[in-house]
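Subject: Structure handover

Hello,

Here is the structure we talked about. Please open it next to this message as you read.

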Amino acid sequence: MQAALLSDLVLRLTDSAMNSAVAEHQSRMVEFLRGITPFDMAWWGWSNFSRGRINLVRSVTHGLPRSFESAVRAVSHVDPFIRHGRNLPVFSMALSPADGPVSNEFRAFAAAYGLKSILNGHCRLREESKYNFFMSLYRREGPDFTLQEAGDFRIILLHLEQSLSLSLRAEIRGRAPSGGEAALLDSSAEIVRASRGFHPALVAEGLQPRRLTAILRRLSLQPGNWTGAEVTLTSEPYADDLSLIRLSKPGLWDRLANQERKVAELYLSGLTMTEIAASFRVSPHTVRNQISAIYRKTGASGKLDLSRRLETIL
């Protein structure tokens, strides 16, 4: 591959990533790539090998029928690309299923979808992610992919991943709360992509890894929120296989338990501890303990200071 072609590809990918939505950038990415390596069909996304199985998220097909992905998942146990490259941080390989060293099952799959020649590769995502960016290119006819094209593809993959991550991060930042961070999680609570400050903010919370994993897994399975000492996490669906996690610094109200919030509202409205206790049918001693906890969690030195910190008007 000529240096000028690679340089032009990088410039076009970067410009598209910075000025296009993720879906639009991916469409342009395919067209840019076709100008260097001719192909008829393509499949790409993020993959992760965990507990003996492959997880695929945000996968996209180009020129292939809807049934393709379920079919390729069905033959993943005999996929030659997975067998050869799963433990490598950067990998590419060209193969012709009709006469290559593949199982009959994989050969039948390739024939069913007209895959005469396949160029496949992946590269490990940077930073705190266990995912790879993968891409497969397919030719129905014409010359097979060559070793030279496979070598060039290994280099191209790195730039494709960088541009796609750049585009995705811009979208993630746009959906993060003001002054906060955001990340995309799969259903197993693995982080696929995150804004740059997401991981440091989680580390600052000081949770044990097992506890943090449990929190993220719960948020990845259904919309919800969790508040710690340093951060508040809120989840919502992003795609069929991903959740968006928003990270923000909790306000003082967020530090209080639900009952403590109710007590604080009544306390700052002018009710005495005895009156608050009567309204909740608890003892004044219980309310006194709750108010002590409110002062401790907010750092307030008195009632007026508490009102100011909670932005409440007496």
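Below are the findings, grouped by region.

First, the ground rules. This is a predicted model, in which local features need pLDDT of at least 70 and side-chain atom pairs count only at pLDDT 80 or more, while totals for chains, interfaces and linings use all residues. Residues are numbered from 1 along each chain as its sequence is written, and side-chain values use heavy atoms, with hydrogens and water left out. Helices (H or I, at least four residues) and strands (E, at least two) are DSSP runs, numbered from the N terminus.

**The cores**

A nonpolar core here is a set of buried Ala, Val, Leu, Ile, Met, Phe, Trp, Tyr and Cys residues joined through side-chain atoms within 4.5 Å. Buried means under 20% relative accessible area, exposed over 50%, and partly exposed in between (1.4 Å probe, protein chains only).

The largest nonpolar core has 35 residues. L33, W46, F133, M135, L137 and L160 touch the most other members. Two or more residues each come from α1 (3-19), α2 (22-34), β1, β4, β5, α6 (147-175), β6 (181-185) and β10 (242-248). The largest share, eight residues, is from α6. Another core of 24 residues lies apart from it, with V72, M93, F106 and Y138 among them.

Look at F133 in the largest core. Contact means heavy atoms within 4.5 Å. Leaving aside neighbours within four places in sequence, F133 is in contact with residues including W44, W46, C123, L157, L160 and L164.

**Helix α5**

Helix α5 spans residues 104-112. Its buried residues are F106, F109 and A110. Cover for the buried residues includes α3 (68-74), α4 (80-85) and β4 (117-124). After α5 comes G114, with a positive phi near 65°.

**The second largest pocket**

A pocket is an open set of points on a 1 Å grid over the protein atoms alone, where a 1.4 Å probe fits, with protein on both sides within 12 Å along at least five of seven lines; lining residues have an atom within 4 Å of a point. Volume is the space filled by probe spheres set on the points, and grid points are joined across faces, edges and corners.

The second largest pocket holds about 310 Å³ of space. Its lining has 23 residues, and W43, I54, D79, I82 and N120 lie nearest the centre. β4 supplies the largest share of the lining, four residues. Helix α5 is among the elements that supply at least two.

R58 has a phi near 50°, positive in a residue other than glycine. R58 sits in strand β2 (residues 53-62) and is partly exposed, at 28% relative accessible area. R281 also has a positive phi, near 55°, and is not a glycine. R281 lies in the loop between α11 (273-280) and α12 (284-298). R281 is exposed, at 80% relative accessibility.

L252 is in helix α9 (residues 252-255). Beyond neighbours within four places in sequence, L252 is in contact with K297, T298, R309 and L310.

Best wishes
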